Amino acid sequence: MSDTPAAVRTHCPYCALQCGTELTGREGRVTVRPADFPVNRGGLCRKGWTAPELLTVPDRLRTPLVRDAAGALVPAGWPAALDTVTSTLRDLRDRHGPDAVGVFGGGGLTNEKAYLLGKFARVALGTSQIDYNGRFCMSSAAAAGNAAFGVDRGLPFPVTDLGGADVIVLAGANPAETMPPLMRHLDRADLIVVDPRRTPTAERAALHLQPAPGTDLALALGLLHLVVTEGRCDAGYVRERTTGFDAAWRRAAAWPPERAERVTGVPAADQRAAVRLLAGADRAYVLTGRGAEQHSKGADTAAAFINLALALGLPGREGAGYGCLTGQGNGQGGREHGQKADQLPGYRSITDPVARARVAGVWGVPPESLPGPGRSAYELLDALGTDDGPRALLVFGSNPAVSAPHAGHVTRRLAALDLLVVADFVPSETARLAHVVLPVTQWAEEEGTMTSLEGRVLRRRRLRPPPPGVRTDLEVLHALATGLGEPAHRWPTRPAEVFDELRRASRGGPADYSGIDYARLDAGEALHWPCPGGDPAGPPHPGTPRLFLDRFAHPDGRARFAEVDHRDAAETPGARHPLYATTGRVLAHYQSGAQTRRVPELDRAAPGAFVEVHPDTAARAGLREGDPARVTSARGSMVARVRLVPAMRLDTVFLPFHYAGDGRANLVTGTALDPRSGMPEFKVSAVRIAPEPPGDGGPEERGPR
């Protein structure tokens with residue numbers, strides 16, 4: 001690159017907080033400093049400070065790779081790689097139909113990439129078989145939010161509103177590790193943390209409720225019971241702004257705190273203390289995270305916490321509310337514009353005839369040509385290479401060989417494909433399984449937009465060009481589509497042009513971006529969706545930073561209580577597997593670790609798989625601090641070093657899911673899915689733990705023994 005200094009204002013490539021940053025480049029070196037942006041207020045976490053190191057990782061993909069006759073991935077030119085892909089796709093579609101090809105996207109893709117990927121699947125491929133890794137992240141909260149409020153936006157208020165809170169419930173969220181700059185907004189509030197682990201967030205709480213894994217729903221029912229029986233329910237709000245309370249209360253009435261204590265292990269006195277704190281606050285929030293949502297009843301659990309918030313009159317009131325903490329960088333925008341199996345752009349339903357006609361008109365295709373809904377993420381991965389499943393899969397921005405549940409099985413399904421194509425900028429574990437690997441740009445090498453957890457649309461800006469031989473995802477989709485016979489004009493490669501089309505496609509939908517454009521964003525306007533386009537002669541819509549202040553998004557303007565009840569996890573401990581295993585993130589790493597494990601500082605901070613165990617539990621298993629242990633479930637086993645944590649529950653072990661090989665936590669996780677959201681039950685697996693004999697590392701995947 002040029003010796004001339006270059007600088008841009010952009011955003012961190014990691015979580016949905018999307019901290020503002022300023023990048024500077026000189027003589028090939030990129031430096032970062034935090035911007036004075038509302039969500040991070042001049043701060044960054046360790047991942048944000050080290051993000052520029054991603055641009056120069058030694059194994060950066062710089063040329064396409066194609067698997068040769070000997071089974072090795074070897075360099076190839078772009079024309080040869082693309083021809084391999086398109087000729088195989090044409091053949092598979094001709095022989096087996098359009099659903100013989102699947103697409104798997106990612107919650108870190110820009111809005112432009114996510115939009116064009118969904119369009120590519122449904123128009124160029126004609127397949128219904130598309131979903132994305134955000135199904136593993138936000139789907140349960142999304143299902144609950146849509147049912148309760150009529151629309152799903154992670155935080156229906158700006159992050160900065162949390163700074164004025166008196167009390168905040170964090171159910172299954174650990175932002176002190178997963179998004180540390182958020183904690184700047186939580187310092188004033190008394191925190192009530194619901195988590196089986198004594199996390200760094202729980203350490204800062206006024207009250208820590210420590211339920212057994214898989215029992216958050218029972219706890220939420222117990223809290224709602226107390227709100228009603230102790231006379232703390234906002235009866236006027238319930239009467240004027242909601243519907244369905246009586247049915248929800250019939251369920252919660254059966255859950256006095258003593259019963260909730262028997263199921264969850266949370267003392268009734270602590271439940272009463274939580275309700276006193278929450279109901280006594282003028283400004284209170286209930287926030288959920290993956291700990292409450294990644295269950296086979298995750299949508300019902302999120303709904304139960306929404307019920308609690310509604311009974312207290314919080315949603316739709318300034319200075320109070322319910323929200324969920326979106327995880328991935330574009331986890332919000334990524335689920336709005338067509339990557340999900342059942343959605344079209346603008347957060348429209350793919351089964352809605354009006355939505356289909358609207359989007360088909362923008363795309364220039366007949367509505368009847370669009371496929372219907374396909375399989376959810378795990379169902380799609382589970383079907384790969386089977387008689388009625390996809391025989392080819394295109395993966396953009398995801399690493400399911402590490403991040404998917406029952407990862408050993410998913411790896412075998414990926415290996416059964418006739419064609420696996422992976423577009424990435426590093427050789428992830430999934431890329432190493434591929435028949436074709438396509439090198440693409442990363443964050444500081446591309447333009448686009450992201451949508452943060454508060455529904456604000458943000459500009460990602462390019463600091464420097466990508467390495468020679470690397471293309472943008474938009475260029476890759478253009479080349480694949482035209483190689484399949486699509487007209488070139490239908491597949492723009494300029495991000496601004498794609499965004500303009502996205503705006504038109506979203507017009508009138510729940511997530512309406514039609515009033516947002518690059519010029520307004522580049523001028524510094526803070527635009528939250530919905531932001532509809534108006535009369536060109538009149539003032540532009542200012543966006544909607546706070547939803548529901550006047551009415552909820554259902555036709556009658558009312559929020560809906562949900563009639564939900566507790567049920568056990570799909571798998572509970574027993575004689576053979578006597579412990580709960582729960583999974584999650586740690587401070588130094590992000591998602592599958594494909595990026596952060598390549599950053600030396602972060603790798604040194606958390607260099608390998610570990611398992612947190614109570615000292616007494618470890619002693620009964622013959623384990624000490626630092627010992628290698630094998631954690632085994634009914635599906636498989638993984639190896640990790642023991643960390644003794646006295647604050648752990650005696651019946652629970654914790655596994656970070658960032659590691660590869662034998663250290664994959666998801667080798668032990670199960671496949672039970674939430675019937676409403678398709679969310680896998682990552683947070684509850686029945687396991688046993690035992691010493692791993694020296695030198696007995698075993699293969700990367702090992703079945704139960």
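**Reading strands, sheets and helices**

User: How many bridges join E17 to E18, and in which sense do they run?

Analyst: Two strands pair if DSSP finds at least two bridges between them. Here four bridges join E17 to E18, and the two run parallel. The labels come from DSSP runs numbered from the N terminus, a helix (H or I) having at least four residues and a strand (E) at least two. The model is predicted, so local features need pLDDT of at least 70 and side-chain atom pairs pLDDT 80 or more, while totals for chains, interfaces and linings use all residues. Residues are numbered from 1 along each chain as its sequence is written, and side-chain values use heavy atoms, leaving out hydrogens and water.

User: Which residue of E18 is the bridge partner of Val421, and which is the partner of Val66?

Analyst: Val436 in E18 is the bridge partner of Val421. Val436 is also the bridge partner of Val66. Strand E4 (residues 65-67) pairs with E18 over two bridges, in the antiparallel sense.

User: Which way do the side chains of E18 point, and are they buried or exposed?

Analyst: In a regular strand the side chains alternate between the two faces of the sheet. A residue is buried under 20% relative accessible area, exposed over 50% and partly exposed in between, with a 1.4 Å probe and protein chains only. In E18 (residues 436-439), Val436 and Leu438 point one way, Val437 and Pro439 point the other way, and all are buried.

User: Which side chains of E3 are buried?

Analyst: Strand E3 (residues 29-34) buries Val30, Val32 and Pro34, which point to one face.

User: Which strands stand at the edges of the five-stranded sheet?

Analyst: That open sheet has the order E10-E9-E8-E12-E13, with parallel pairing. Strand E10 (207-209) and strand E13 (321-324) stand at the edges with a single partner strand each, so one side of each has no neighbour in the sheet. The twist averages 15° from one strand to the next.

Strand E9 (residues 190-194) is joined to E10 by three bridges, and Val193 has His208 in E10 as its bridge partner. Helix H11 (residues 268-279) lies across E8, E9, E10 and E12, at about 130° to E10.

User: At what angle do H7 and H9 pack?

Analyst: Helix H7 (residues 216-229) and helix H9 (residues 245-252) pack at about 110°, with their axes 9 Å apart. H7 and H9 are therefore roughly perpendicular to each other; the classes are roughly parallel under 35 degrees, roughly antiparallel over 145, roughly perpendicular from 65 to 115, and oblique for the rest.

Contact means heavy atoms within 4.5 Å. Leu221, Leu224, His225, Val228 and Thr229 in H7 meet Phe245, Trp249 and Ala252 in H9. These contact residues comprise six nonpolar, two polar and no charged, where Ala, Val, Leu, Ile, Met, Phe, Trp, Tyr, Cys and Pro count as nonpolar, Asp, Glu, Lys and Arg as charged, and the others, Gly among them, as polar.

User: How many residues of H18 are buried?

Analyst: Seven of the nine residues of helix H18 (residues 407-415) are buried. Among them are Ala407, His409, Val410 and Leu414. The buried residues pack against helix H16 (377-383), strand E16 (392-396), H17 and strand E17 (419-424).

User: Is Ser403 buried or exposed?

Analyst: Ser403, found in helix H17 (residues 400-403), is buried, with a relative accessible area of 19%. Leaving aside residues up to four places away in sequence, Ser403 touches Phe136, Ser592, Asn666 and Phe682.

Technical notes. Axes are lines fitted to C-alpha atoms, for helices over the stretch in contact, and angles run from 0 to 180 degrees between N-to-C directions.
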